[in-house]
Amino acid sequence: MKINLERLEKNLKELSLFGRKEDGGIDRSLGNEAEEEARSWLLEKALDMGAAIKIDAMANIWINWKTNNSDNKPITLGSHHDAVSDGGMYDGALGVLMGLEIMQTLKENQVPLEHPLQVVSFTAEEPNPFQISTMGSRGVTGKLTLEKLQASRHLITGESLGTAIKRAGGNIQGLLKAQVGKKDMAAFIECHIEQGRNLFDNKLSAGTVTKITGIYREFVTVKGEANHAGTTRMEYRHDAFLAAAQAALVVEETAKALKRRDVVATVGWVEVNPNSANIISGNTKFIMELRFPGEMVKQQMLQRIEKDFLKIENNRGISFQREIILDQAPAPMDEGIMKIIGDEISKEQTPLSLAAEESSGLEFINHVPMLVSMAGHDAVHMSGITRTGMIFVQSIEGKSHCREEKTDGKDIEIAGNALLNAVLRLDKELTNENLN
Ligand SMILES: [Zn+2]
C-alpha cells in the first residue's frame, strides 16, 4: 500500500492558490479572505471523503474517520493551513494534506484500524497580525487565557480576534470547553518540512525529530545618556545604541562558542531612541533570543551573557534592564513514536554510507537521521497532552518562510509512505500496549 503522490501534489497545489500573489508568495493568515477560502476548501475535501468534521472554539478543524465502534482514542495527524506573510506552499500545508492523503489511502484500501484516525488543521500557527502564534494548539492545550484572546486585535484592520475566530467557525467564549487532554487522543504526529538544510546537505528525504528546541527571549532596555553628537567628546559618552550593539555581539559569540548545531542566538529586533543622526542614543531596546536543547545549555549561555553584559555596563556607564518575555522549554518527542517513525523511514530511504554518516555531523539511529527541530511547531504544545512525534521532509536548500520554499515529490513520497506505515504500526502497538 502506498500513498497517491499525484493526488497529494495536486491538493498541495490547489491549497497554495488561496492567498497566492502574482509574484509567487502566499499571504494566508487568520482574518484574511484567503485563509477562510482555504478552510472551506479543506472542509469540502473532508466531506468528499465521508469523514466527520468538528470545528472547535479556536476554529481548529478536526477531521475524523473511524472503521469500527471501539472506544479507542484517535491517532491524530496534522499541522496548520495558514502561512507566513509572503510564504511558501509546504510549511503547514504538507502536514495537513499528508494526513488527509493517509486517511484516504487507508480508506480506499479498506484497512480496518483499531483507533479512529484524525487529521487536525490548527488555527494561526504562524506569526500573524493578531500577534499570537501557535494560537490554535496553544488555545486547546490550556496555554492561552480568554482575557488574552479577548484583548487581541488585528494590527492593520483592528478587527477583534473574537470576530475573526467566529468568522472562521469558532467561538473564543468556548475556550475552556474546547480543551483537549490525554483522554481525547492516543497520539499526535506532525509531518513538516525541515526548514533547515540537514537533510538537503546529506541528500536525505526524511528524518525523525528527537525534540523541538527551547526558546528563550528577553526584552532588554539599555539606559544611557542622550546628548549632542557634535559637542560631546568621545570619552564623555554613554551611548545606549553602542552598548546594545556590543551586547548583540556577546549574544552571537555566546552561541558560537558552544559549537553546537542545536544552539543559536539572535538579536533580530532593535529600537534606537531617539534615532537621530545628531543625537547620541540615550535609550535603546532590543530583543535577544536563544534556542537551545536543554536547561543546562540555556543556563550556561545566560551565565556568560550576564557576566559580559556586566562588563559592558561598567565600561560604558550604561545599564541594562532585562525582562524575560518567553521561556519555552524544549519539547522532547515520544521515544516509542520516534522509534516507529525511524524504523519506517529506514525501510523507504536509501541509507548514506557509514563515512558519509560520520562526516555529516548528524546523529543516526538505524541509518535514519535524528534531528532537533530548531523551529517551533504545534507539536510543542501537543507533546504536553499526548505522546507526540514529528517526521521531517527535506526542504530544498533549507529554504522556508519564503516563496522559494520547495520540497521534492520523491521526498514527500518517501516520508508519506513511512508515515502511512508508522500509523499502521502505531495502531497495532497502541492496541497491544507494547509501545514504550
Ligand atoms: Zn509550520
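The legends below describe close-up views of a predicted model. Residues are numbered from 1 along each chain as its sequence is written. Because the model is predicted, local features need pLDDT of at least 70 and side-chain atom pairs count only at pLDDT 80 or more, while totals for chains, interfaces and linings use all residues.

**View A. Helix α1 against helix α3.** Helices here are DSSP runs of H or I with at least four residues, strands are runs of E with at least two, and both are numbered from the N terminus. The axes of α1 (residues 5-16) and α3 (residues 93-108) come within 10 Å and cross at roughly 140°. This angle makes α1 oblique to α3; angles under 35 degrees count as roughly parallel, over 145 as roughly antiparallel, 65 to 115 as roughly perpendicular and the rest as oblique. Axes are lines fitted to C-alpha atoms, for helices over the stretch in contact, and angles run from 0 to 180 degrees between N-to-C directions. The crossing is right-handed, that is, the near helix is turned clockwise from the far one by less than a right angle. From α1, the contact takes R7, L8, N11, L12, L15 and S16, and from α3 it takes A93, L94, L97, M98 and E101. Two residues are in contact if their C-beta atoms, placed from the backbone, lie within 7 Å. Seven of the contact residues are nonpolar, two polar and two charged. Ala, Val, Leu, Ile, Met, Phe, Trp, Tyr, Cys and Pro count as nonpolar, Asp, Glu, Lys and Arg as charged, and the others, Gly among them, as polar.

**View B. Helix α1 against helix α13.** Helix α13 spans residues 409-432, and its axis lies 10 Å from that of α1, at an angle of about 115°. This crossing is right-handed. L5, L8 and E9 of α1 meet G409, I412, E413 and G416 of α13. The residues of this contact comprise three nonpolar, two polar and two charged.

View C. A59 sits in the loop between β1 (52-55) and β2 (61-65). A59 is buried, because 27 other C-beta atoms lie within 10 Å and the cut-off for buried is 20 or more. Leaving aside neighbours within four places in sequence, A59 is in contact with T123, I165, A168, G169 and G170. R167 is 108 residues from A59 along the chain, yet their C-alpha atoms are separated by 8.9 Å.

**View D. The contact between the two domains.** Domain 1 (5-213 + 330-432) and domain 2 (214-328) are given by the domain assignment, which is automatic or from a database. Their C-alpha centres lie 35 Å apart. Seven residues from domain 1 and nine residues from domain 2 make the contact. On the domain 1 side, three residues are nonpolar, three polar and one charged.

Terms used. Buried ≥ 20, exposed ≤ 12 C-beta atoms within 10 Å, placed from the backbone.
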